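Follow the paragraphs below with the model open.

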Amino acid sequence: MKCRICSNHTEIFISFGKMPIANGFLLEKDFKNEYFFELAAVFCEKCFTVQLKNQPNPKLMFHKNYAFFSKSSKYMQSHFQKYAEWVNQNYLTSKKPFVVEIGSNDGILLENFSKKKIAHLGIEPSSNVAKIARKNGVNTEVNFFDLRFAKNIVNKYGNADAILAANVICHIPNLNEIIKAVQLLLKKDGVFIFEDPYIGDIIKKVSYDQFYDEHVFFFSALSVQNIFKNSDFELIDILPQETHGGSMRYVLCKKGIRKISNNVLKIIQREKKMGLNKKSTFNKFKKNCELSKKRIQIMLKDFKKKEKKVVGYGATSKSTTILNYCKIGPDLIHFISDTTPIKQNKFTPGMHIPVKPYNEFIKYNPDIAFLFAWNHKKEIENKEKLFIKKGGRFVCHIF
Ligand code: SAH
Ligand code: TYD
């Protein structure tokens, strides 16, 4: 296929096979109409982006029943509070700043600006999560962010001092159009800051579960520089984050306006050493994924033979890739507990494992919990001291 950024010819380096919508938790009556597509990834040898070959229509993923609520993790709430403070201190220098966030979900980031009475706007296409944000005093427009919508915002609200995004730029396939939209919406000296799961961490940890329908791009500093090469923007800072199992925050502004941090060159050099600009790195990653799959299958079959009580912890979108790629069904994992009401009493996409409320985890008293929300390991281990004390064990494909 042609690279979405530079039109270069690309080839698939990994296919995870047929996949359903990662956040498409469903009722039994809907099994027969479940949507599947081939989850496969390509690497562009020219601009160094990793991307999905096919992505389902965004309207199938982001809608009035979207199942991901950002505020379900306390750690993420504190992360976004710090993110807001950092933006405020470093980049909001005008008298009456205006902050826009793309993909604002339940308002986890913007509520920190709202509380400080800073003018803000969230753009969020999933109306159920947007409703929660509004309830919490976060000004939100229900829409997909694109060039047309950016023009509407400029007319209605004016230009922005900062455009922020977290875990959403990697969701948007027409990225070249998004850059034009950001260019239009931002003030001359404004900043565009986004963070997403980092391909360097995915390769290192073999966290292949970051590959699912929503994540159409996997960024590195190298690729971000290339993606913005033909725009008015330059990359002025890069800051590694611990969130989502390893993320990277990118800061961009119009060329020549601000000083470029030493981090940029440092991280780009590190990425070259890691081979994030080489196809062979991704071929090796594929082999590591296959090894991880075998290991998980052997481990779970062994638990079954030993008649262990095995459940899943956190019905994450990422878990959809693990379950379907490794063919793990309710015979190996009896149910998955999750704190999100909209996921509960439904079944996981594709492999149809029951999703139950958190109290079922406590009641069932399992021997083993597969930690699908491994990115929240610290927070969860803290909460589950009793489970561990009683001899319960967390397992995962990562460690
Ligand atoms: N920023 C939050 C939410 C990430 S999930 C966080 O980091 O926790 C991605 C969010 O982006 C979802 O709420 C989804 O509905 C939204 N989204 C998807 N495509 C979008 C687009 N084109 N424009 C704006 N938001 C989008
Ligand atoms: P997360 O890993 O943040 O995202 P993704 O869906 O993008 O992979 O999802 C965390 C899920 O785990 C979410 O459905 C809420 C659930 N969860 C719990 O059930 N208990 C917890 O203590 C935490 C932190 C999360």
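Helix α2 covers residues 74-91, 18 residues in total, and spans 26 Å from its first C-alpha to its last, close to the 26 Å expected at 1.5 Å a residue. Here the expected span is 1.5 Å times one less than the number of residues, and helices are DSSP runs of H or I with at least four residues, numbered from the N terminus. The model is predicted: local features need pLDDT of at least 70 and side-chain atom pairs count only at pLDDT 80 or more, while totals for chains, interfaces and linings use all residues. Residues are numbered from 1 along each chain as its sequence is written, chains are lettered from A and ligands numbered from 1 in the order in which they are written, and side-chain values use heavy atoms, with hydrogens and water left out.

The buried residues of α2 are Met76, His79, Phe80, Tyr83, Ala84, Trp86, Val87 and Tyr91. Viewed down the axis of α2, these buried residues fall within an arc of 165°, so they line one face of the helix; the arc is taken from the directions from the helix axis to the C-beta atoms. On the face turned away from the buried side, α2 carries the exposed residues Lys74, Lys82 and Gln89. Buried means under 20% relative accessible area and exposed over 50%, with a 1.4 Å probe and protein chains only.

Around ligand 1 there are 20 residues, of which Ser70, Gly103, Glu124, Ser126 and Asn167 come nearest; a residue counts as near if one of its heavy atoms lies within 4 Å. By class, this shell has 12 nonpolar, six polar and two charged residues. An oxygen atom of ligand 1 lies 2.8 Å from an N or O atom in the side chain of Ser126, and a nitrogen atom of the ligand is 2.9 Å from a polar backbone atom of Phe145. Taken alone, ligand 1 exposes 570 Å², and the protein buries 97% of that; these areas come from the Shrake-Rupley method with a 1.4 Å probe.

Ligand 2 also has 20 residues around it, and Ser317, Lys318, Asp338, Lys343 and Lys383 come nearest. The shell of ligand 2 has six nonpolar, nine polar and five charged residues. Oxygen atoms of ligand 2 lie 2.7 Å from a side-chain N or O atom of Lys318 and 2.8 Å from one of His376. The protein covers 97% of the 560 Å² of accessible area that ligand 2 has on its own. Two or more residues of the shell come from each of α11 (317-325) and α13 (377-383), and α13 gives the largest share, three residues.

Note on methods:
A polar contact is a pair of N or O atoms within 3.5 Å; within protein, one must be able to donate a hydrogen and the other to accept it, and residues adjacent in sequence count only if both atoms are side-chain atoms. Ala, Val, Leu, Ile, Met, Phe, Trp, Tyr, Cys and Pro count as nonpolar, Asp, Glu, Lys and Arg as charged, and the others, Gly among them, as polar.
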